[in-house]
Amino acid sequence: MTTILEQYADIVGWEVIDQLYQLAAPLKGIKVVHVNSTRKGGGVAEILNKLVPLQKDLGIDVTWEVIKGNKDFFKCTKSIHNSLQGSNIELPQSMMDTYEKTNEKNAEKLKKKLNDADIVFIHDPQPAPLIKYFPERKGKWIWRCHIDVSKPQRTVWKYIKNFVKDYDASIFSLPAFAQPLPHPEYLIPPSIDPLSEKNMDLSREEIEQTVQSFGIDIERPIMLQVSRFDRFKDPVGVIQAFKLTKKFVPSIQLVLAGGEATDDPESNSVIEEVRLAANSNPDIHILLLPPDAHRTINALQRGADIIIQKSTKEGFGLTVTEALWKGKPVIGGDVGGIRIQVVNHHTGFLVKTPEGAALRARYLLFHRERLNEMGKKAKIFVKENFLLTRHLREYLTVMVSLKYGVKERIELG
Amino acid sequence: MKKNNVELSNKPFEIKDCALAALATGKSAQNLKELRDLLLDIDANSIYYHFWGGQLKPRFDDPEYHNDFASWTRHALHDGTLAERLSAIDPTDFQNLEDLRTEIVEIIEERLDENDHIPWCEPDEKFHFVTSQIVVFNTKKTIEDPRMLVKTIPNMTRSSIFYHFIDARRRTPENIDDFRAWLKGFDGQYNFLCDMISTIDPFFATLTELRKHLYNIVKNYFEGE
């Protein structure tokens, strides 16, 4: 039977897997627990679903616990999440009470497990207050923040900081997201899973069938943006870029693929704006896909010629990573995490305006050989930097670092 | 050029590997004066990271500038002159990181004197000082005969290349890579090979490319064209 690590070895090479075994060797016998708030749905659950079995494969005694809460709790944590990402939301006392009481109840259930653990990873703000209820903890506790907290709503951050400051360390995705805290703050960028439905190889047949099922002509050039219908993703700017490109490349089609309209009033109004800007143009395809349409997104990305992520504000931008992994150069907004993935003239182009996006799209469609060459580089770039195995290696490094003490140099064996 | 049947007199070359943990320092600069002020007392390890740590960060071949300070002054402050001056700094010219720090600060101060204004950047383009911690582990593989380098180098990980080719420059007495430091222990038998390895400019290649250059050199040396 093939272990999960063996499956990854086929993609990243055995030397990378061997390195993981070597790094995990000093961690044998220690108890590690990950805690988050959901087992399904969302980026964190997606990562833990893979990281936990991989850590087990490496011989680490690792478990994954999920805290439970009612509707009010999740409403509250959603508000905290949004305000930490910059939304101006007030957090009433009643919400804070629900938040803390729910964590207290969960702490009761997890008491033995977390008290006995050598390393505890608490993911995101939902379970952050747990630490308050473990005064007798024996292990190291790490707060892993997956969200962009570069400009949080200050009052809410001050409230959350009160819990976070007691951790032994925290992990942020980018230097800009790190906040002043009285403990070591590690930096670990996110990653994609090359074996997931969203990123695995697909047959040409499946790609063509999926693309054509939406009435898109696979024989003509396709420009694609995959993202929520959110103003920061600038879908209207993408339509402008498409129109400017179409003047020179009349056969081009645009696909804007995002989540289905929810009860989020802003998402609905953005979709309306997008429809208005599209003006019933038959070559603009607005696709509202269900949240689990991973394989469809995969096929659309593989079927596209050019992928755009024209965000005006972006955390890391995993859709960019996904596109690069599929060998597509990306025309990305010159913001946030897109800057560390899109290397100008190598893996794509950074742009500031719809005009800039159109100019680069025309260039790539005219110079097909450059498009292919950049696409090949893009795939290697992701392979070396943004796959789950790199993410796992960095978690192991943090664990070793905490075990041996945070010092400049640790020499093992 | 075939070089065989040499005496083996040096101790074995231990192949090590490493992983770098990046840590935020919580310090960031939005203008050149702030950068200078922070450089004066930032942890020396952070200076190391911004010169060499980039090798283990996502990057591409032919980086335009050779360190994060130069790159930031060009791309965020739009000061091409300063970027060129900072990029010309070769960290291996300095005995230690304190001397390197002094040199960077002097270059920045010179530029501050030349300008009648302080260049600023956009709030989302700040320079974030990062530091790092290196975890070194032994792969338990050793080489006794330099000829084994031909088989070994292609199978070394990128981070192992980082450890032996980049990190070595602050560990070895002559600030050179581990390969040359080891080969020099064979009583001058490999001086020519050392000279060839010294021609590899570590600033202009990714770790994957460095591995390829190294491999080509040792292969040509031991097996000929």
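Let me begin with a definition: two strands are said to pair if DSSP finds at least two bridges between them. Please keep in mind that what you see is a predicted model.

With that definition, consider strand 7 of chain A, residues 222–226, and strand 10 of chain A, residues 306–309; these pair in the parallel sense over two bridges. Within strand 10 of chain A, Ile306(A) is the bridge partner of Met223(A).

Where does this pair belong? Chain A has an open sheet of six strands in the order 9-8-7-10-11-12, with parallel pairing. Its edge strands are strand 9 (284–289) and strand 12 (348–351) of chain A, each of which pairs on one side only. From one strand to the next, the twist averages 20 degrees.

I turn now to the contact between the chains. How many residues does each chain give to it? Chain A supplies 34 residues and chain B supplies 22 residues. Among the elements of chain A that give two or more residues to this side are helix 2 (14–24), helix 14 (368–385) and strand 13 (409–412). Helix 15 of chain A provides the largest share, six residues. By class, the side of chain A that touches chain B has 19 nonpolar, seven polar and eight charged residues.

Strand pairing also occurs between the chains: strand 13 of chain A pairs with strand 2 of chain B, residues 127–143, in the parallel sense over four bridges. There, Leu412(A) has Phe137(B), in strand 2 of chain B, as its bridge partner.

Thank you for your attention.

Notes. Residues numbered from 1 in each chain as written. Chains lettered and ligands numbered in written order. Predicted model: local features only at pLDDT ≥ 70, side-chain atom pairs only at ≥ 80, totals over all residues. Contact = placed C-beta atoms within 7 Å. Nonpolar A, V, L, I, M, F, W, Y, C, P; charged D, E, K, R; others polar. Axes fitted to C-alpha atoms, helices over the stretch in contact; angles between N-to-C directions.
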